[in-house]
Structures are given as structure tokens and as C-alpha cells.
Amino acid sequence: MSAFLSVNGVSKRFRGLVAVDRTSFEVPEGGIFAVIGPNGAGKTTLFNMIAGVFPPDAGTITFAGERIDGLPPDRICRRGIGRTFQVVGPFPALSVEDDVIVGALLHRHHVGDARVRAHEVLRRLDLYDKRDQRASSLTLPDRKRLEVARSLATDPKLLLLDEVMAGLRPTETDRMVAILHGLNRETGLTILLIEHVMRAVMALASRILVLHHGAAIAEGLPEQVVREPAVIDSYLGVEAIT
Amino acid sequence: MIARLIKDVPGRALALLGALLLALVAAPLVAGDYLLTVLILILYFAYIGQAWNIMMGFAGQLSLGHALYVGLGAYTAASLYVHFGIGPWLGLLVAVPVAALAGAIIGFLAFRFRVAGVYFAILTIAVAEFARVGFDHLSWTGESSGLFLPVAQFTHNDLWHLRGHPVMFYYILLVATVVAFVFCRALLQSRVGYFWLAIREDEDAARSAGIDVFHYKMIAVVISAAMTSFAGVIYAFYYNNLFPEQVFHISRSIEIILGPIVGGIGTLFGPILGAVVLTGVAETLTAALAAAGVDLPGAKQVFYGICLLLVITTLPDGVWPWVCKRVGLGSRKK
């Protein structure tokens, strides 16, 4: 498979702190790629560089054959990279439907067309019945799926998910895993996710990258990565695999 | 188009809207001079409130300097009339672009360099104040001693030159208010309206949903400034005199935003209801006090203050959303 998203030697410093240190990896088209690592490992910083929140200090990011590092978030989204936030931010005063319509309007000029697309996405995310509720009245699991829905409505080719499982109960995690699996299989959507919930990572990811202190310490197939001594030492702990 | 505009509106809301419109059209037939003056003020504030609401209520950008656009519209059209005899409708063709340009400059400076929130509000105050001081020294517009439009006894209403009876101004403002209302509803149901709400709710989330935040904020400030300047032109030809100290003063800007705040920011009826409540009730109060022979200067200001206090503490979303809930009006969406 060809590299769809390619991150090459990317670094980011905040004052003296090196948040991401010369990290490289490639996400193949149609794959589900997980980035794991302890808190403060630089996962969200890495995401923010891909999504254009800030440019990398060094290194390049290419998506579908074109350089995207340094582009602002809205242009990166228009190129086909959707994202969710670690701290969920739906548009509180909007209805669930309107929230998703905003995303769908990116590539559609008529609200009617956008509404059709929004309904499609809402059905997929099990939110269709709640479409007239205000986004702020939703429970956390619903809000997480709403963010995925809005992002999905922008018709991304690559979806960046920043800890969408955090705070979910196991049954809700399984539901989210099933939804993401379905999206990946049925629409060919490429997914890059940051995740702490190993249950979800193991169920979803075709490849895993482990970050520690901003540097990649392991990369490979899930079964291999979780057995690497460095990964067990720095992140998972021994009990995770026993 | 019309079908789309009235979709989602309950039947009795439409019926009430029709009845209100009929009453407003018929009002000058029964209203005396004083009541007519009050109605003109209400419509004036309802219209400008609607324009201001586009920026604050839709796109979430707090402007505290809308007097600038009123003043630019008023001064541009009045100067063209006084100096060159160019009528107000042609003057609009200059006045509106001038105000829109001013809005674009403020917007560019603020949104390009990420000046937001209170800092943006301060910038809008500052520019309006610059304008006030500047016009105080601009001899072409009469400096601080004012610009006066020639007033003669009118034998008939001259719509083309906006010379005539207040009833004419009343109907012009009524049409403007209705057009602004319909226009804002159409905006809210369009792509740009959705993007504005997204920006208002969460700018970062909007940006990552692919919205060019700068672009859409610019559209909001330009539309709002252009609409506001029209009211300025009417203001100039209605009052026939302009003083920088009055027109550009920050209290004018505050007056503009009180209506929408009391009525309900971000709602379509808020600016209208707010104007009715504030202007209508304040004028009634003044009239009642005068009739009772009580001389209380500043009673109106005190009343504004009390109104604001009451609304902010008891109905932070404004009076209109509360009325909607009470009588079961508004969109079906909750």
C-alpha cells in the first residue's frame, strides 16, 4: 500500500520542551493507525501539526502526495483531513442536526443537500433520533459521536481521532469501535487515532506507533508492539500483557 | 424561496406576524404626531439592532462602535446633499460603500491579527471615537458646529429627496425593518448563516471543520456595516442636523445594542421586541411623567438601566426566547 499520510522527521519545541522529536511514520490508505503512549508523550502535539493548528519546527508532512505542513486548519480540512478534539467541543447552542450540517456544508452549497448528508452521517453514528436536541444537552458518549459525525460530514479521506474513547464505558467503547470499523470497511476511510484505551486500540488498529517523550520508540503490528520491552516499560506495564 | 423561508414556522406565528405587520401598516392612520415619532424611533432601533445582531448574534463578534457606521452613512449622504445637491438615494450608493469599507478595515485589522472578544470591542469603540474627533475638525462637514440640511415647509412628500412628513419616514423604516428581518432569516438559513453560528459557538472547532473563519467574519462585519449605514442616511434626512458629538458618541453605540440584548441576542425577533420594550416603554414613561407634571430629567436612562439589570439577571437569553417558550411560538426545534 502506498503512503497516504507521511510524516517525516517532524519536531516541535515549546520553549525548552521538546514535545515531538524527529518523528516519522506513514499511514497507508485505507488503514487504521493508532498512536499510543503515556500522557505528555507528544501525541496531541503531533496531531495538531498534522491538523494545522501550528506548523512543525522541522520536518515535513505530506498528504495524498502534497505537502500540508504549515497550512491552516481550515485548508487542511478542505484537503480531506477531518479531526476531533481531545476535549470535545460541539457547538453548544446548535441542534445536533445543525452541528453536523455545518460540517456537511464544507463541500455542499445548499443547506438542503447538507441536511441529507447530515442525516446519513447521524444514522451511522446512532444520533439520528437525537437530531433535534441541543448539542449541549447530550451525554458525553453522544457528544463524542457528534464530534465524529461533524468531522465525518466534511467528507474526509483521513480522520484524526483524538481520544474518542476516553471516558466511555466498555459497552460504549465497543459501540464506537464497531462504528469506526464499519466506516473503515465500508467507505474506505483511513483513520489515525490517539488512544489510551488498549481494548479499542487492539480491536481497531492495523498498525501502532508508540511515542515516549516525543520520540517514536516502537512501530509495527499491534501484537508485536505490545510485546516490545521498551513499550511495556514506558507505557503499558507488565500486567497489560499477562 | 418564500416556502423555504417560512418552513419550520408554526402557523400561528405566521398569523401573528401578519397581524403585527397589518397593525404597523395601519398605525399612522390612527397615531398622533407624538406616537408616530415614538414608532419611528422604535423602527429605527429595530432595524439597526437587526444589523448589529448579524455581527454579535450570528457571528459572535461584539461591536461597541456601530455609531461609526450610522455616522458615516449620515455624514456621507448629508454632505453630498448639502454640497452637491445629490439626493439621498444616490447618496446611498456612496454612503453604504463608505461604511462597508470602514467595516472591512476594522474587520481586517482585527480578524487578520486575531484580535477577539473584548479587544475587538475596544477596537470598534476606538475607531468610532477617532471618527468623532476627526469629524469635529472636518470643515467640509461643518466641524463641531454641525452639518445642517436645508429645511423648508413641505407642501408634499418628496420621496426622492426624503423631504416631507414623518409618515414617509415611518413607512421607509417599516419597509427597511421588514426587509432586514426577512434578509436575516434568509441569512440564518443559508450556508453563511450556519458558518457564522459555528464561529460564534467555537472558533477553533469551526476552523477544523474547514471554515475560513477570517472570510466569514469579514462578510458579517461588511454586511452589518452596510445595513447600519442605511439607517444613518435616514437619520440625517429625518433630523436634518448632524453633530459629531451626538452621532458618533459611544452612548449612540450603546443605545443600538440595548434593544437586541434585551430582546434576545441571536434571535430574529429580539431586536424588534427589544426596541419596542425599551423605546416604547421609556417614551410612555416620559409621557406619563410629563402628564403627571413630574420633572425628572434622566428618568429614561434610569429606566434603561433597570431594564438591562432585570433582563441580565432574570432572562439572560433575552425577552424573546422567554416569550416564545411562554406562548409556544418559534421554530419547532428545541
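Buried residues make up 48% of the 242 residues in chain A. Here "buried" means that 20 or more other C-beta atoms lie within 10 Å of a residue's own; 12 or fewer is exposed, anything in between is partly exposed, and the C-beta atoms are placed from the backbone. Bear in mind that this is a predicted model, where local features need pLDDT of at least 70 and side-chain atom pairs count only at pLDDT 80 or more, while totals for chains, interfaces and linings use all residues. For finding your way around, residues are numbered from 1 along each chain as its sequence is written, and chains are lettered from A and ligands numbered from 1 in the order in which they are written.

**Stop 1: the whole chain.** Switch to cartoon view and you get 9 helices and 10 strands in chain A. These are DSSP runs numbered from the N terminus: helices are H or I with at least four residues, strands are E with at least two. The C-alpha atoms fill a box of roughly 50 × 40 × 35 Å along the principal axes.

**Stop 2: two domains.** Colour 1–80 + 156–242 as domain 1 and 85–154 as domain 2; the bounds come from an automatic or database domain assignment. Their C-alpha centres lie 24 Å apart. Where they touch, domain 1 gives 13 residues and domain 2 gives 12, with contact meaning C-beta atoms, placed from the backbone, within 7 Å. On the domain 1 side, look for α2 (73–79), β7 (158–162) and α6 (170–187), the elements giving two or more residues.

**Stop 3: strands β1 and β2.** Select residues 3–14 and 17–28 of chain A: these are β1 and β2, running antiparallel and joined by 8 bridges. Strands count as paired if DSSP finds at least two bridges between them. Click S6(A) and you'll find its bridge partner in β2(A), E26(A). The two strands form a hairpin with 2 residues between them, and R15(A) in the turn has a positive phi of about 55°.

**Stop 4: over to β4.** β1(A) also runs antiparallel to β4(A), with 5 bridges.

**Stop 5: T62(A).** Stay in β4 (residues 58–63) and pick T62(A). Is T62(A) buried or partly exposed? T62(A) has 16 other C-beta atoms within 10 Å, so it counts as partly exposed. Leaving out residues up to four places away in sequence, T62(A) touches S6(A), R67(A) and I68(A). Last, draw a distance from T62(A) to A230(A): their C-alpha atoms are separated by 29 Å.

Note on methods:
Two residues are in contact if their C-beta atoms, placed from the backbone, lie within 7 Å.
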